Amino acid sequence: MKLKHIHIDSHKLFHDFDIDFCDGNEPLRIVVIAGINGIGKSTVLEYIRPKNMSSTHTGTIQVVMGGEDKAFDVPPSPFQYNAYREAFDSVSYFGANDTGRDSTDLEKKIVRYVDHLVYEEGKTSFEAYKRIQELLDIVFADFHLQVRFKGLNADRQLRFVNGEGAEFGVDGLSDGEKQLLVKVFPLFMGDMKGRVVLMDEPDSSLHPSWQSYLLPILRRCAEENDCQFFLATHSPQIISSAYRKEIRILIRDANGYIRAEHCEEGPYGWTVEKVLDEIQNVPVQRVPDVEKRLEALRKAVRENRYTDEGFLHEMKALESLLGYSDPDLTLIRMEIMRKQKERRDAKHQ
């Protein structure tokens, strides 16, 4: 199953709300729901969860199953109940704290997964270990890691080997590798074929430098397993790794109602600053006190007070605090130079 569209009649945050998840008429494999805090990103995911069989908020969810378009009422009508339940059994929800929390928790989950493969699915230990390695290859495809999964030792602890043959446990992985595994690996320990996976704040506890790797991993998983991922996030790193067609931005209109918009340009490959400004509506990215001091300098330049002792003292103080090459301070100096040139040119006319 894949989701194509949802409509919410009424909700404390939404009124006559529509959001589609298609490129043309084809359901997207990855959908990133962005917007400011409190705009309803998590609520959209909650609306899709199977627990909404008893929801008091009405609407519809359009899906495609077996190549056929279908529409379900929310909550489902009595004659749709069994079909709704069967369809939405393929939906998995992961909140910010639902994946592994640390390397110890991750190790326990992988050991349980190995036991599941061996004792419930009848796999050999070799086949189970091979499956773990396949998942590692998916997660770390962009990293060219020289790390292989060896198996479990006599104490049922995970063992890895590096390119030189040295053996180590899960704590021998780098912090970034462990963070990514803790966040992503538990999602893949099961049959992903045709599933719909809802991820609320997947950036939680994942270091910013590793957040941009998340979408490529999920995109590969979606392509290989014909599944669909929905992410509600405020991470500019994740947003900047999404293609334009994958982004849905929640905004509040002039009437105070929330609506979903497509992204007209970008944000794939944008800088964090540009995403914050143009997608997340966060124009001020500095500590408010510093931003206030910078604006005071800009105002002084506009009013031609850039030779005043107070201005020069504050400029020097901020250069010491932020660094002489700070881009905002550089722009202020360039504006002063422009004004000085205009004055010189005026004198010679």
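Two strands are taken to pair if DSSP finds at least two bridges between them, strands (E, at least two residues) and helices (H or I, at least four) being DSSP runs numbered from the N terminus. The model is predicted, with local features needing pLDDT of at least 70 and side-chain atom pairs counting only at pLDDT 80 or more, whereas totals for chains, interfaces and linings use all residues. Residues are numbered from 1 along each chain as its sequence is written, and side-chain values use heavy atoms, leaving out hydrogens and water.

Strand β9 (residues 147–152) pairs with strand β10 (residues 158–162) in the antiparallel sense over five bridges, one of which joins Gly151 to its partner Arg159 in β10. These two strands form a hairpin with five residues between them, and in the turn Arg156 has a positive phi of about 60 degrees. Strand β10 also pairs, again in the antiparallel sense, with strand β11 (residues 167–168) over two bridges, Phe160 having Phe168 of β11 as its bridge partner. Four residues lie between β10 and β11 in their hairpin, where Gly165 in the turn shows a positive phi of about 90 degrees.

Phe160 is also among the residues with the most contacts inside the largest nonpolar core, which has 58 residues; such a core is a set of buried Ala, Val, Leu, Ile, Met, Phe, Trp, Tyr and Cys residues joined through side-chain atoms within 4.5 Å, where buried means under 20% relative accessible area, exposed over 50% and partly exposed in between (1.4 Å probe, protein chains only). Apart from this core lies another, of 31 residues, including Ile61 and Phe72.
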